Each structure stands twice: as C-alpha cells, then as structure tokens.
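Here is a short briefing on one protein model. Keep the sequence and the 3D view open as you read.

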Amino acid sequence: MNNEFQIIPAHAINTKKWDVCIAQSHTPLIYAYTRYLNALCPQWVGFVLNNYEAVMPVPFKRKCGIAYCYQPNFIQQLGLFEKNYNTYPIHELLKWVLKEFKYGNLFIPFYHPLPNIQNCTIQVRDNFVLNLKADYSQIAANYSGDLKRNLMKAYSNQLVYHDKTHAQLILNHFYQLYHPAMHLKQQDITAFATLLMQNEMQSCFFVRGVNAANGVLVAGAIFLKDCNRIYNIMNFTTEAGRKLSANHYLLDQCIQEFAGKALLFDFEGSSQKGIQAFYKNFHPDHHPYLQLHINQLPLPFRYLKQ
C-alpha cells in the first residue's frame, strides 16, 4: 500500500467505513462521527488513509477565495483516528493538511510532541476527565474541601436533581446567558438542536436539571454520551443558582448517577482559570490537547493575521 491520504469532501465520504474507523480507534470521540460533523459543519473534508484505515476530519470555511480550517462550536477537538493506534505519524499527516489549508486552527489530541512546523504555532489547551469506574463514595472522597462545603450548602438549600427538563429549554438558557462571551450565534444553537433531534442521536445525549426548593429551574445541562464517556457539552447556572451552589450539585449528582460504570466524565475543559479551578475541585485527571495555529499566508497578510 502507498499509505497516501485521499482528500474526500463530506458528501462523498463512505459514512459506514468512516464511522467504523472512529469506533475502532484508540480514543473514539463523538465529535468525529459523520452525523455529528454533518450537523455542525457546513463544510468539511476527510483525510482518508487507504481503505479508511485512518481518518482525519477538517472543518473549513472560505474567505476571499482562501480555504481556512477552524473549530466549530460544540466540537472540542478532532485529529487523527486510526484503527491500529500509532501506525501513522501525525506530523506526516499534517504535511498533507498544510498543503490544503494555508490558515486556520486545528484542535487535536495530545500526541507525542510535535516537531517544529514552519509557519505554525502550538499551544497546549486544558481538558479534565474523571474516571467513573469506582463507586461514588470513593470518587467523592477525593473531592476538594471547597466542593464538599458547596455540596453541603446545596443539600441544605433543598435542591432537586431531575430529568424532566427539555433540551430546548437548556439551549435557550445557555444561549441567553453565554452567547456574548462564547461568540455564539443563534445558528450555532439551531444546528446543535437539529443534531439532537436526529433519530440516531436519541441514545447519545441526556438532559438533567436542578430546581430550587420553589420549583424554579436554576441549573441544567445537556450531556452527550457514547460507550466510553459522558461529555459535559453544555450547562448553565442562573445567578440565583450560583448562590445556591446549583452547578456543584448538578455535576456531582450526574457523577453519582453514573458512578461504578466504565465511563469517563469529560468536563470539556476551559482556558478560563475560574472554570478550571471549579473542575479541579472534582479531582479529575488532566488530559490536555493541542491547538495548532497555521499561518502560511503570503506576505504581508501573514503578519496582519498573527
């Protein structure tokens, strides 16, 4: 075999072969399945090795005739997925990607250290993952003192954790509270809602809410779920909920619900120190990933887009 990648547009991808490759890879991620990509990425291409032995999806847009790669909202990272782990060097694949895209960002798993790549910079991004295989008492014993105090406060406030909240309500709250800071557009929320409505996605997400003692919803979340992990993809807490420690309670109750199962709870990470500190209270493992910023634009545009 030539071990060469084909570059295949999304509409021409063999979805069955692609999804089998993702499922059989060392670290399958829900974001990389075709149904997820097609819903959230108006345009993407697949770099496909031989007969789908390894694949890498790259979402892209065009501006002034130049194709550039980017990371859509609600997709934390993509990267190279191989049926036989570590058989194809990621830096060799990146050479193929750099031939096609002169500008943009790739968010990829933390592989072995990448060599210096001309006109590219690499930044380590933080993600936190909690293994749920132990029983809840063991997991909770590792909580920080601050988290334990907040959970005591939450219990004293008589909060109620439940599954009676509709996904659209979570989407609405999330957009209203966070769209300026996260640069979210209504079309991003609409695309995510459309994804959740697909028949194939019905077993791949669940919704949980937290009500105050007066019955008002003060926190809620949409969690994605596959056979390996739960993804804290979207959650919100109102101002009243923060005073009640509702988000502490929401995540703790979800962890308690799934404790003892062979799953990872993926907090989805954050570059904001306050959010990082909050997640670290649960004593998760640090699973960083990489942001590869590409700038191969011709001069002087290269310096204008630093």
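Strand 3 and strand 4 make a hairpin with two residues between them, and C64 in the turn has a positive phi of about 55°. The model is predicted.

- Strand 3 covers residues 54-63, and seven of its ten residues are buried, so the rest of the structure largely encloses it.
- Strand 4 spans residues 66-69 and runs antiparallel to strand 3, with four bridges joining the two.
- Within that pairing, K63 has I66 of strand 4 as its bridge partner.
- Strand 2, residues 44-49, also pairs with strand 3 in the antiparallel sense, over six bridges.
- In this pairing F47 stands opposite M56 of strand 3.
- Strand 2 and strand 3 form a hairpin too, with four residues between them.
- N50 sits in the turn of that hairpin and has a positive phi of about 50°.
- Strand 5, residues 81-82, pairs with strand 3 over two bridges, again in the antiparallel sense.
- There, V55 has F81 in strand 5 as its bridge partner.

**The cavity**

- How many cavities of 30 Å³ or more does a search of the whole structure find? The search finds one.
- The largest cavity holds about 40 Å³ of space.
- Its lining consists of M56, P57, V58, P59, Y70, Q71, L78, G79, L106, F107 and I108.
- Two elements, strand 3 and strand 6 (103-109), each give two or more residues to the lining of the largest cavity.
- Strand 3 gives the most, with four residues.
- By type, the lining residues of the largest cavity are nine nonpolar, two polar and no charged.

- Helix 7 runs over residues 186-197 and has twelve residues.
- From first C-alpha to last, helix 7 reaches 17 Å, close to the 16 Å expected at 1.5 Å a residue.
- Which residues of helix 7 are buried? They are D188, I189, A191, F192, A193, L195 and L196.
- The cover over the buried residues of helix 7 includes helix 2 (34-40) and helix 6 (167-182).
- That cover also includes strand 10 (205-211), strand 11 and strand 12 (229-237).

**Helix 9**

- Helix 9 takes in residues 246-258, 13 residues in total.
- Its reach from first C-alpha to last is 19 Å, close to the expected 18 Å at 1.5 Å a residue.
- Eleven of the 13 residues of helix 9 are buried, so this helix is largely enclosed by the rest of the structure.
- The buried residues are A246, N247, H248, Y249, L250, L251, D252, Q253, C254, I255 and F258.

- I139 has its place in helix 4, residues 136-141.
- Why does I139 count as buried? Its relative accessibility is 6%, and the cut-off for buried is under 20%.
- I139 and I255 are 116 residues apart along the chain, yet their C-alpha atoms are separated by 8.7 Å.
- Leaving aside neighbours within four places in sequence, I139 is in contact with L130, N131, L132, A134, I255 and A259.
- I255 is itself one of the buried residues of helix 9.

**L217**

- L217 lies in strand 11, residues 217-225.
- Is L217 buried or exposed? L217 is buried, with a relative accessible area of 15%.
- Leaving aside neighbours within four places in sequence, the contacts of L217 include H162, T165, L169 and H173.
- Its other contacts include G209, V210, N211, F236 and T238.
- L217 and I233 are 16 residues apart in sequence and 19 Å apart in space, C-alpha to C-alpha.

- Y52 is not a glycine, but has a positive phi of about 60°.
- Y52 lies in the loop between strand 2 and strand 3.
- At 7% relative accessibility, Y52 counts as buried.
- H283, also a residue other than glycine, has a positive phi near 60°.
- The loop between helix 10 (273-280) and strand 14 (285-286) is where H283 is found.

How values were computed: Residues are numbered from 1 along each chain as its sequence is written. This is a predicted model: local features need pLDDT of at least 70, side-chain atom pairs count only at pLDDT 80 or more; totals for chains, interfaces and linings use all residues. Side-chain values use heavy atoms; hydrogens and water are left out. Buried means under 20% relative accessible area, exposed over 50%, partly exposed in between (1.4 Å probe, protein chains only). Contact means heavy atoms within 4.5 Å. Two strands pair if DSSP finds at least two bridges between them. The expected span of a helix is 1.5 Å times one less than its number of residues. On a 1 Å grid over the protein atoms alone, a cavity is a set of points where a 1.4 Å probe fits but cannot get out, and a pocket is an open set with protein on both sides within 12 Å along at least five of seven lines; lining residues have an atom within 4 Å of a point. Grid points are joined across faces, edges and corners, and a volume is the space filled by probe spheres set on the points. Ala, Val, Leu, Ile, Met, Phe, Trp, Tyr, Cys and Pro count as nonpolar, Asp, Glu, Lys and Arg as charged, and the others, Gly among them, as polar.
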